[in-house]
Amino acid sequence: MNEDEFRTARKRMVEEQIAARGVLEPRLLVVMESVPRHLFVPADDLPWAYSDGPLPIGHSQTISQPFIVALMTELLQVKATSRILEVGTGSGYQAAVLGRMAAEVHTLEMIPELAAQASKTLAELGYKNIHVHSGDGSQGWREAAPYDGILVAAAAPSVPKPLLDQLAEGGRLVIPVGGRGSQRLEVWSRKGDDFDHQEHLAVTFVPLRGEYGWK
Ligand code: SAM
């Protein structure tokens with residue numbers, strides 16, 4: 001496929017998989033149409049880069065379905081001034097979307113090889129506002145806290161307390177919570193020392209590991 005074909009596939013992805021399912025934030029749709037997802041998938045999967053599902057990225061991990069990336073980003077309510085933490089860098093695609101929406105993104109990946117590959121891809125694309133860290137994101141990243149938004153791209157057995165602690169006033173945490181096979185997407189928002197929480201649709205993510213994840 002050439003660049004024109006990828007651009008056409010991206011436009012269709014936004015119309016048919018994202019907007020058609022009710023994710024309509026104009027700034028986000030522009031970003032989803034501009035980030036070259038095909039640069040984040042393994043070469044063998046290029047023909048499926050814009051298909052409606054997750055894809056393997058090695059190390060038993062996946063790049064999430066485009067609709068889920070868009071939905072989680074919309075639920076985060078990212079502003080141009082926001083500082084965001086992502087847990088589970090994987091390929092770096094979700095971070096790339098966040099990097100075009102927000103002022104600053106910190107993203108943590110537990111598998112060093114994936115962190116290194118994502119860092120390289122993001123650098124080649126010219127991102128200067130995304131910082132990839134290798135480590136256990138279930139504990140958050142205190143060095144740059146607090147965050148206006150925290151997005152967890154792996155399934156947690158329960159909400160890790162350090163992530164709630166690292167939210168700024170009014171900040172939002174979007175996280176899949178539940179069993180290993182299926183989870184609910186939850187949104188937590190901070191009001192002083194209290195947290196509101198809402199449940200959204202059922203999802204299936206790979207497990208969150210680490211101190212506050214699955215053992
Ligand atoms: N956001 C990614 C993307 O756009 O490609 C997809 C993330 S993939 C579904 C989940 C990732 O979370 C995996 O790469 C996995 O290694 C990572 N992960 C799992 N537990 C983690 C932890 N405690 N800290 C950091 N990363 C973790």
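Guide: The residues of the shell around the ligand divide into 11 nonpolar, 12 polar and four charged. In this scheme Ala, Val, Leu, Ile, Met, Phe, Trp, Tyr, Cys and Pro count as nonpolar, Asp, Glu, Lys and Arg as charged, and the others, Gly among them, as polar. The model is predicted: local features need pLDDT of at least 70, side-chain atom pairs count only at pLDDT 80 or more, and totals for chains, interfaces and linings use all residues. Residues are numbered from 1 along each chain as its sequence is written, and side-chain values use heavy atoms, with hydrogens and water left out.

Of the 27 residues around the ligand, those that come nearest are Glu86, Ser91, Glu109, Gly137 and Arg209; a residue is near a molecule if one of its heavy atoms lies within 4 Å of it. Strand E2 (61-63), helix H4 (93-101) and strand E4 (104-109) each supply at least two residues of this shell. E2 gives the largest share, three residues. Helices (H or I, at least four residues) and strands (E, at least two) are DSSP runs, numbered from the N terminus.

Next, the polar contacts, which are pairs of N or O atoms within 3.5 Å; within protein, one must be able to donate a hydrogen and the other to accept it, and residues adjacent in sequence count only if both atoms are side-chain atoms. Ser91 has a polar side-chain atom 2.6 Å from an oxygen atom of the ligand. For Glu109, an N or O atom in the side chain is 2.6 Å from an oxygen atom of the ligand. At Met110 the backbone takes part: one of its N or O atoms lies 3.2 Å from a nitrogen atom of the ligand. Taken alone, the ligand exposes 610 Å², and the protein buries 99% of that. Accessible areas come from the Shrake-Rupley method with a 1.4 Å probe.

The ligand sits in the largest pocket. A pocket is an open set of points on a 1 Å grid over the protein atoms alone, where a 1.4 Å probe fits, with protein on both sides within 12 Å along at least five of seven lines. A molecule sits in a pocket if more than half of its atoms lie within 2 Å of its grid points.

His59 has a positive phi of about 55 degrees although it is not a glycine.

Terms used
1 Å grid on protein atoms, 1.4 Å probe; cavity = no way out; pocket = protein on both sides within 12 Å on 5 of 7 lines; lining within 4 Å.
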